[in-house]
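User: I would like to learn how to read a ligand site and a few backbone features in a model. Please take them one at a time.

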Amino acid sequence: MASDSEAMARPANLTLYSYYWSSCAHRVRIALNLKGLEYEYKAVNLSKGDQFDPEFEKINPLKFVPALVDGDVVVADSLAIILYLEDKYPQHPLLPQDLKKKAINLQVASIVSSSIQPLQSFFTRQFFEKRISLDEKLTSSQNHVNKGFAAIEKLIKEIAGKYATGDEVQLADVFLAPQIFAGVARFQIDMSLYPTLTRLNEAYAELPAFQAALPHRQPDAPSTS
Ligand SMILES: N[C@@H](CCC(=O)N[C@@H](CS)C(=O)NCC(=O)O)C(=O)O
């Protein structure tokens with residue numbers, strides 16, 4: 001097994017299957033940037049149905065982005081990918097040693113990835129497409145995002161420093177930044193309800209690793225001109 005220093009020294013051979021607008025892929029882009037890992041970006045155009053291509057299905061049988069290929073390792077699902085990166089590339093650790101802080105980081109990541117994003121997602125909204133109106137869809141997404149944000153605000157209010165669980169950027173931040181971005185850009189969430197999250201979001205905007213991961217900075221983002 002490679003030691004930590006070997007893993008850090010070895011140039012990575014990483015390919016990320018991503019879609020610029022995917023909040024799940026956005027998380028992985030931040031983690032890769034924080035760890036200083038270069039990667040090849042392979043766009044999977046979700047609006048055109050590229051996720052259903054049989055070639056992509058070989059990479060992720062669930063037909064979702066993100067998926068990561070690292071040499072002979074193929075891993076899908078943002079949390080699994082980021083925990084894999086954490087083990088293999090320990091530079092810029094995303095999980096603190098402190099057990100309480102570590103638990104909160106995992107809890108925030110899990111709230112975002114299982115109790116917010118799947119309920120607001122394109123897939124769920126598409127299922128309801130013909131059954132409920134556009135307004136009802138937006139309200140439903142907003143309710144799920146607000147429920148999750150209210151819980152996270154309470155969870156981290158006392159423990160937050162410059163970032164969600166202290167003065168280091170950790171896993172919770174990697175999951176929060178894309179969810180806040182999606183909350184504002186897609187679901188018009190009133191962030192004034194969440195002063196801690198608002199403050200954190202302002203701090204994320206200053207960080208190059210977060211800036212470079214933004215949807216409009218990706219190679220498959222539509223040109224604005
Ligand atoms: N739990 C998975 C969820 C992945 C997921 O829902 N991906 C969305 C984009 S954020 C997707 O690929 N949707 C395609 C579709 O609904 O067909 C993760 O965190 O990676």
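Analyst: A polar contact is a pair of N or O atoms within 3.5 Å. The model here is predicted. In this model, an N or O atom in the side chain of arginine 27 is 3.1 Å from an oxygen atom of the ligand.

User: Which polar side-chain atom lies 2.8 Å from an oxygen atom of the ligand?

Analyst: That atom belongs to glutamine 51. Aspartate 77 also has a side-chain N or O atom, 3.0 Å from a nitrogen atom of the ligand. On its own the ligand has 520 Å² of accessible area, and the protein covers 90% of that.

User: Which elements give two or more residues to the shell around the ligand?

Analyst: They are helix H2 (23-34) and helix H6 (122-127). H2 supplies the largest share, 3 residues. By type, the shell divides into 8 nonpolar, 5 polar and 2 charged residues. Domain 1 (14-92) and domain 2 (99-212) each contribute at least three residues to the shell.

User: Where is proline 66, and what is the peptide bond from valine 65 to proline 66?

Analyst: Proline 66 sits in the loop between helix H3 (54-59) and strand S3 (67-70). The bond is cis, with omega near 5 degrees.

Notes
Residues numbered from 1 in each chain as written. Predicted model: local features only at pLDDT ≥ 70, side-chain atom pairs only at ≥ 80, totals over all residues. Heavy atoms only, no water. Polar contact = N/O pair within 3.5 Å; in protein donor to acceptor, adjacent residues only side chain to side chain. Areas by Shrake-Rupley, 256 points an atom, 1.4 Å probe, with all protein chains shown as cover. Helix = DSSP H or I, 4+ residues; strand = E, 2+ residues; numbered from the N terminus. Nonpolar A, V, L, I, M, F, W, Y, C, P; charged D, E, K, R; others polar. Domains from an automatic or database assignment.
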